[in-house]
Amino acid sequence: MPENAARSLGRMFHLISGAIEAEKDHLSELDGVIGDADHGITMSIGFMAVNATLARLDMETSTPAAVLSIAASAFLNAVGASTGPLYATGLQRASQALADSCELGPVNQAAMIAAIARGIRDRGKSQRGDKTMLDAWLPAAEAAQTAIDTGGGLTMMWQQAIAAADSGACSTRSMIAAKGRAARVGARSLGHIDPGAASAVIILRAMGRTFCPQQATIRVVSSVS
Amino acid sequence: MTAKSPLMRKTGGARSSPVEVAETIPLRYGDDPYVWACWLYYEDGMTQGDIAQTMGISRATVNAYLADARERGIVNISIDPARLSSLTIAQQLKQHFGLQDCLVIPSDDSRPLIDRLGNAGAQALQKLLKSGDTVGITWGRTTLAVAENLALPDLQDVTIVQATGGTTTDFAYTPELCAARLAAAVNGRCVNITAPALVSSPHVRDILMAEPIVIDQFAALGRTNKIIFGIASMRPNSTVHTSGFFESVSLQQYLSHNATGVIAGRFIDEHGAPVAGPLENRTIAIELDMLRNVPMRIAVAGGFDKVPAILAALRGGYVSVLVTDAATGRGILKAEGVSEVDQKLLARTRLEPPPAHAPRTHVKKFINDPADVVDEMLEGAISAHRQYIRPVEGSKRALIARDGPRPGKVGLVVGGGTGHEPCFLGYVGKGIADAVAIGNIFSSPPPDPIVRCTEAASGGSGVLYVYGNYAGDVMNFEMAAEIAKERGIEVRSVLTTDDIASSPLEDREGRRGVAGNVFVFKIAGAACDKMWSLEECERVTRKANARTFTIGVALEPCSLPQTRRQNFEIGAEEMEIGMGIHGEPGVMRERLLSADAVTDAVIDRIFAEMQAKAGDRVAVLVNSLGSTPLMELYILHRRVAQRLTARGITMHASWTGHYCTSIDMTGASITILHLDPELTELLEHPCDTAVMRIN
């Protein structure tokens, strides 16, 4: 029996949480260089709370939009910080984008990435080049859309989205933070990958593994983690 | 000059033994002919020939003495560290990017960077420009500063060509002016491009570019053998935005295509590749390819916000001579991953080799499960301070004062992450804050507990939020304020920005809030308690914040309970000035100083901003960042008091101890609140909270 869309999203959040958990210390270390060393911990708390809340939900009768909306508030209430409002707004926008859908095909998956990216951008009043998670999310959203527009399949879409996110995250190395606490250390942020961009890549990879049947074929050589 | 030695004895070998000339050496040099030779050479400025005569030895011996003296360490040649460091950076940049030449000026905050770059650019041009040159020039603040600083009236037959069309009139550094100033400085002919730099459509551009006069002008541009240009970044404060010349809609499109910098009105990405966009076919200016073919391409640009843009220009091969400043140069090398530069500089400026790091073990802490730290701490705090605070609707993350909110009173809600104890819950009670929203360690609380606090603190006359200026807190408190508004509660917010080391004065609003929170909370709470209106409470809180100045200094980093590892490293002989209350790296790292010297460094900076006159009154807070004991705080306090007295400033009140911490960080912060009669009255207003009591 094929998995319903809500269940896929539940599985997606499980995979994200697991991937974040595995990279938790690495993310905190990245953050220690230019921030307050808690990024891995914060992300881990957030996605664990999402899983805990979704576990109480009846996935058979839930819509994708409902799952995303519940995940948004669970993440926000568990985390606060700056990632809380950013990802909560992103997930809330994704929920709105999928309001009338019961399925999660490639087009809706691309729409979900785009909505998350948009939500993060609007809430953080940030732009590309500010050395934030947007430097991974925006390129990923564009690459996913381009793959869809050019008739690329599911695997190709995720491959290109993840590759774009990865190269975007790497390019934060030569950027100077304009937002968040890293902005206070000025030029010292140079040469370091933004931890928010690094975790965005981890999330996108986990999302790719959720939806891509040939998950093993998603091999993006990464210089991020 | 030294008198000639009466004894003229030639020695045969180049390396005569000291004994041979001992009897002739003036007493003050001891028995050491090396010292004598060095003195005559370096201090008296004599030639080696004169020294040979004076000492009665051969010139070859003098030469050998001088060489040996350097090897033996009798003479140390030292170069001013700032100059040495710029020189090292310049060499590295030259090597790494294969530049023809590179000039790096030492960092110096006493003069505006644009002036210094203009000066340095002019200095470079004095060497580089020759008679008969045809020189292109773009426009911008730095470019104009270069032209204004230059004077080369002796050059002949130089032609200066404006490299872009003309721009709007609402800024001073136009292409016409840059070209005209440079032409005047070199006594040359000036060729202007008499078309706009940006036209309304590609069609208009094609028409203009086909005009014989414009064709002629571009032909002159094609003959340039040197070009001088600035590099603009895409950052919000760059010329690209502030000149208002480029349309912001188009800029967004360029940004979405990874535009990183602008040269001559043309956009490049981080690798220096041209970025196509809506302005491209409407721009009348030198083409990037054409620019790259000019034999000598002199870029003058600096400021660390320009690092990505300059790096892009270097990667794209647009620059053959770079003029920049040391901080920017170091940033470029760091971004490019050339790490030796820091090591080299460190190796040269360090007197002793850095001590090898002892392997760090986990920091010991009184905790149970690391995941429970915040909740267990709050349980304890609620029970310890139960006479002052209680949970709102059972939530430990939203605490309310037992004696606080009342009808008609403006409610004061504060909040932030944990790890700063006794901030923020220690200031909840009668006369200060009515409620506190509490987040995870170093993380803002989410909107939900803030909204609960808002509702619990509301007495029908509005609620004031006071919290530190951090991106996370701003987003969550803003979301909470929106929800509160929907529920009919008017909210005003004041962000504390007392950490004067975190940003320069021009960016006051971008500064972070640290221990000065305590004073701002106290003033705000008193105003609320006196039943002032929301507007008045907000006004006086803003005033208190504007008159509160803090600088923190860390000696050792803090460690989070979850990792139990130190957040980062501070070297054995170092301290970090400007340390925030989250253990973010500070803004300057310096050699460890004595307590008095640290206090002086902090107080000098505070005085420079505070502008207090003799007879003014202040309140002082000497605060531990966690591990620093009272013993040391008192030593700091003593020096603060001495400095205030010396300036004739009265210390009206003072607090010393743990008021706003960063878990277990070793370090302290000094806060000064510049009082006026209104603030003095509010500071003295009674309050009764867990850590602050005034009767």
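Reader: Which residue meets B:D289 in a salt bridge?

Author: A salt bridge is a side-chain nitrogen of Lys or Arg within 4 Å of a carboxyl oxygen of Asp or Glu. B:D289 has such a partner, with N to O at 3.1 Å, and both residues lie in helix α13 (residues 288-292) of chain B, three residues apart, about one turn of the helix. Helices here are DSSP runs (H or I, at least four residues), and strands are runs of E of at least two, numbered from the N terminus. The partner is B:R292.

Reader: Before we go on, what kind of model is this?

Author: Residues are numbered from 1 along each chain as its sequence is written, chains are lettered from A and ligands numbered from 1 in the order in which they are written, and side-chain values use heavy atoms, with hydrogens and water left out. Local features need pLDDT of at least 70, side-chain atom pairs count only at pLDDT 80 or more, and totals for chains, interfaces and linings use all residues, since the model is predicted.

Reader: Is B:D289 buried, partly exposed or exposed?

Author: Buried means under 20% relative accessible area, exposed over 50%, and partly exposed in between (1.4 Å probe, protein chains only). B:D289 has 49% relative accessibility, so B:D289 counts as partly exposed.

Reader: Which residue forms a salt bridge with B:D529?

Author: The closest N and O atoms of this pair are 3.3 Å apart. The pair links distant parts of the chain, 99 residues apart: B:D529 sits in helix α20 (residues 517-529) of chain B, and its partner in strand β14 (residues 429-430) of chain B.

Reader: How far apart in helix α18 are B:R452 and B:D448?

Author: Their side chains meet in a salt bridge, 3.3 Å from N to O. B:R452 is partly exposed at 24%, and B:D448 is partly exposed at 33%. About one helical turn separates them in helix α18 (residues 447-457) of chain B, because they are four residues apart.

Reader: How many salt bridges are there over all chains?

Author: Some are linked in a network, which joins B:E490, B:R492, B:E535, B:E538 and B:R542. Over all chains, the count comes to 39.

Reader: And how many disulfides are there over all chains?

Author: A disulfide is a pair of cysteine sulfur atoms within 2.5 Å. Among the cysteines, A:C170 counts as buried at 17% relative accessibility, and B:C453 counts as buried at 0%. Over all chains, the disulfide count is zero.
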